[in-house]
Each structure stands twice: as C-alpha cells, then as structure tokens.
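Student: Could you walk me through this one? I'd like to go from the overall fold down to single residues.

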Amino acid sequence: MTNKLKLISLILTFATCYTHAEIQFAYYDQYASLYPDCVDDEDSKVYTLDEPFLEEPVFPGGGRVQMTRFVWFSTEVLDVKGPDGEQLKGKVLIKTIIDRCGVAGNIEVIQSLSDQQDAEAVRVIESFPIMKPASLDGYRVKVEMIIPVYFTKTYVPKKKYDFDD
C-alpha cells in the first residue's frame, strides 16, 4: 500500500512541476502578434534607456526580471579554463538594439570573457523572443540596451558510466 502511495505522490509531483514549467515559459510569444509582418528597415535615431519619457521595451512576461531569467536559463555552462587552469567565470556585456518591431538586433560584445563564452552570450541574445518595443510620445522607437550574460555556474562534466554485465 505504501508503495502505491509513493508512486502516486511521485506522479503528482512530476505532473505539477511539468505543468508549472509549461506555464512558466508559455508567455514568450505574448508580443509576437502585436505587429504582424513588421519589418524595421528604415534608418532612425537609436535612443538609450536614460532618455526622458521613454517607455522601455517590455520583455514577455514582465520586463527586466523575465529577461534576466530568460538569459540565466538559456545560457549553457561552458568548461572554459582561465590562465590559472580554473573554470573562467564572469560576465559578458552585450550591446543590442531593440527595433520598432521588438526584435533584438545589431548584437555586439562590449565586454569579453573568452571567444566561446562571447559566442554563447550572442546566441542567447539572438534567441530573445519578440518584445513590446520601446515608445516615446506614443511612437515606437529603437532603443539600445546593454545586457549582462553571467557565466558563474560551475561546469560539471557528464559522467561516463561503464556498464559491466
């Protein structure tokens, strides 16, 4: 009887966690249909986030907090060794422009760690979902953002199991 209860408890726990994760990231396409078929190929002024009266771009699900979570969970842990032989940890700063369609583009590394970590940081920013674009006086505008990508997780090599029969 107790084994059945443990099994049912385990199944319910798994189902709850799966449903929570499914709901947790279900909002990424929240702004995808906001401006369908939008193409921002015109030259225009690029604003910074300290512009007075500028409404910042909104990342799906809640702005900067969700953007930080997205970056954290999307970043792969890389085993890059520093000069001392230890795992290289730190942050890569990425400058990107969120265009009037809410798409991150013109990605540039402004603070580097290593080539591999820089490439991973660029990959994460390129995978951003469509955001609600910034606006100024009711008009959509391009805005420049600097986004940190942290490499502070510890790399754990996958174990290779040797199965002997």
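Predicted model: local features only at pLDDT ≥ 70, side-chain atom pairs only at ≥ 80, totals over all residues.

Tutor: Residues are numbered from 1 along each chain as its sequence is written, and side-chain values use heavy atoms, with hydrogens and water left out.

Student: Which pattern does the protein chain follow along the sequence?

Tutor: Helices (H or I, at least four residues) and strands (E, at least two) are DSSP runs numbered from the N terminus. The protein chain has 3 helices and 6 strands. Read in sequence order, the pattern is α-β-β-α-β-β-α-β-β.

Student: In which sense do E3 and E4 pair?

Tutor: Pairing takes at least two DSSP bridges between two strands. Ile94 has Val109 of E4 as its bridge partner, and E3 and E4 form a hairpin with 5 residues between them, where Gly102 in the turn has a positive phi of about 90°. Strand E3 (residues 90-98) and strand E4 (residues 104-111) share 5 bridges, and the sense is antiparallel.

Student: Which element gives the largest share of the lining of the largest pocket?

Tutor: A pocket is an open set of points on a 1 Å grid over the protein atoms alone, where a 1.4 Å probe fits, with protein on both sides within 12 Å along at least five of seven lines; lining residues have an atom within 4 Å of a point. Here 13 residues line the largest pocket, with Met67, Thr68, Ile146, Ile147 and Pro148 nearest its centre. Helix H2 (64-74) and strand E6 (139-151) each supply at least two lining residues. The largest share, 6 residues, comes from E6.

Student: Is Phe53 buried or exposed?

Tutor: Phe53 is in the loop between strand E1 (46-48) and strand E2 (54-55), and has a positive phi of about 70° although it is not a glycine. Buried means under 20% relative accessible area, exposed over 50%, and partly exposed in between (1.4 Å probe, protein chains only). With a relative accessible area of 73%, Phe53 is exposed.

Student: And what is the relative accessible area of Asn106?

Tutor: Asn106 sits in strand E4. Asn106 isn't a glycine, yet has a positive phi of about 50°. Asn106 counts as exposed, and its relative accessible area is 61%.
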